[in-house]
Amino acid sequence: VKARRRVLDQIDLLVRLRDLLRDDPGGVRGELQRLFDHLLIDEFQDTDPLQAEIAAFLCEDGPHARSWQETRLRPGKLTIVGDPKQSIYRFRRADVAMYDEVRTHILAENPLVAPLTANFRSRPSLIEFFNDRFSRILGQSPVDALLDAEAGKVFHRDLDPGRAGPADPGRVHV
């Protein structure tokens, strides 16, 4: 139906962009790499595999790789922010295994890593409450891993209170 009507949907656009970046490294890929100095992807845990491939090609240090897994990222060009515990958009093709694969690819190049471990929005008593509950529900990693991509399991890591709060225990109303 799409071909007959000569229309594209969001997935078609992503596939065509990925194919163009992958198949024309010296032309389109090189031009787009020069066009963008930096790429910031927030909520990276919700990135689908096509979007991740596109980001790797755009942030590559020169248009050389034949696949996104072969890309060598230009230092400082890509910033990702994400929490695998928040990966809830499977229906939009978000994939926590892909998140882990891209994260591992990036970490292999020894980037600056700045884990966000403090919550400045909530009272310390609320942070303590959630740390306790999420630790019970999600469990703690035996090897300090963020997740087990094969099992599709994400582990809890305690948050630190980022601000002082009142001594009262706080109240949770359900």
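Which helix gives the largest share of the lining of the largest pocket? Point 2 has the answer. Keep in mind throughout that this is a predicted model.

1. **The largest pocket.** Start with the open space. The largest pocket has a volume of about 1800 Å³. It is lined by 50 residues, and the closest to its centre are Val81, Gly82, Ala114, Pro115 and Leu116. Find these five residues in the structure and you have found the middle of the pocket.

2. **What builds the pocket.** Helix 6 gives the largest share of this lining, with 6 residues. Strand 2, helix 5 and strand 3 (118–119), like helix 6 (124–138), each supply at least two residues.

3. Now look for closed space. Rolling a probe the size of a water molecule over the atoms shows where empty space is left. In this structure there is 1 cavity of 30 Å³ or more. The largest cavity holds about 50 Å³ of space.

4. Phe44, Ala52, Ala55, Ala56, Leu73, Leu78, Ile80, Val102, His105 and Ile106 line the largest cavity. By class, that lining has 9 nonpolar residues, 1 polar residue and no charged ones. Helix 4 (49–58), strand 2 (78–80) and helix 5 (96–107) each bring at least two residues to it. Strand 2 and helix 5 also each supply at least two residues to the lining of the largest pocket.

5. **Helix 2.** Helix 2 covers residues 10–23, which is 14 residues. From first C-alpha to last, helix 2 reaches 20 Å, close to the 20 Å expected at 1.5 Å a residue. At its start, a side-chain oxygen of Asp9 comes within 3.2 Å of the backbone nitrogen of Ile11.

6. **The buried side of helix 2.** Which residues of helix 2 are buried? They are Asp12, Leu14, Arg18 and Leu21. What covers them includes helix 1 (2–5), helix 3 (25–35) and helix 4. An α-helix has 3.6 residues a turn, so residues three or four places apart point the same way.

7. **Asp46.** Is Asp46 buried or exposed? Asp46 counts as buried, because its relative accessibility is 13% and the cut-off for buried is under 20%. Asp46 sits in the loop between strand 1 (39–41) and helix 4. Leaving aside residues up to four places away in sequence, Asp46 touches Gln51, Gln86, Ser87, Ile88, Tyr89 and Ala94.

8. **Asp132.** This residue belongs to helix 6. Asp132 counts as partly exposed because its relative accessibility is 28%. Compare sequence and space here. Asp132 and Asp158 are 26 residues apart in sequence, yet 8.4 Å apart in space, C-alpha to C-alpha.

9. **Arg6.** Check the backbone angle. Arg6 is not a glycine, but its phi is positive, at about 55°. Arg6 lies in the loop between helix 1 and helix 2. With 77% relative accessibility, Arg6 counts as exposed.

10. **Asp144.** Here is another positive phi in a residue other than glycine: Asp144 has a value near 60°. Asp144 is in the loop between helix 6 and strand 4 (147–148). Asp144 counts as exposed because its relative accessibility is 57%.

How values were computed: Residues are numbered from 1 along each chain as its sequence is written. This is a predicted model: local features need pLDDT of at least 70, side-chain atom pairs count only at pLDDT 80 or more; totals for chains, interfaces and linings use all residues. Side-chain values use heavy atoms; hydrogens and water are left out. On a 1 Å grid over the protein atoms alone, a cavity is a set of points where a 1.4 Å probe fits but cannot get out, and a pocket is an open set with protein on both sides within 12 Å along at least five of seven lines; lining residues have an atom within 4 Å of a point. Grid points are joined across faces, edges and corners, and a volume is the space filled by probe spheres set on the points. Helices (H or I, at least four residues) and strands (E, at least two) are DSSP runs, numbered from the N terminus. Ala, Val, Leu, Ile, Met, Phe, Trp, Tyr, Cys and Pro count as nonpolar, Asp, Glu, Lys and Arg as charged, and the others, Gly among them, as polar. The expected span of a helix is 1.5 Å times one less than its number of residues. Buried means under 20% relative accessible area, exposed over 50%, partly exposed in between (1.4 Å probe, protein chains only). Contact means heavy atoms within 4.5 Å. A polar contact is a pair of N or O atoms within 3.5 Å; within protein, one must be able to donate a hydrogen and the other to accept it, and residues adjacent in sequence count only if both atoms are side-chain atoms.
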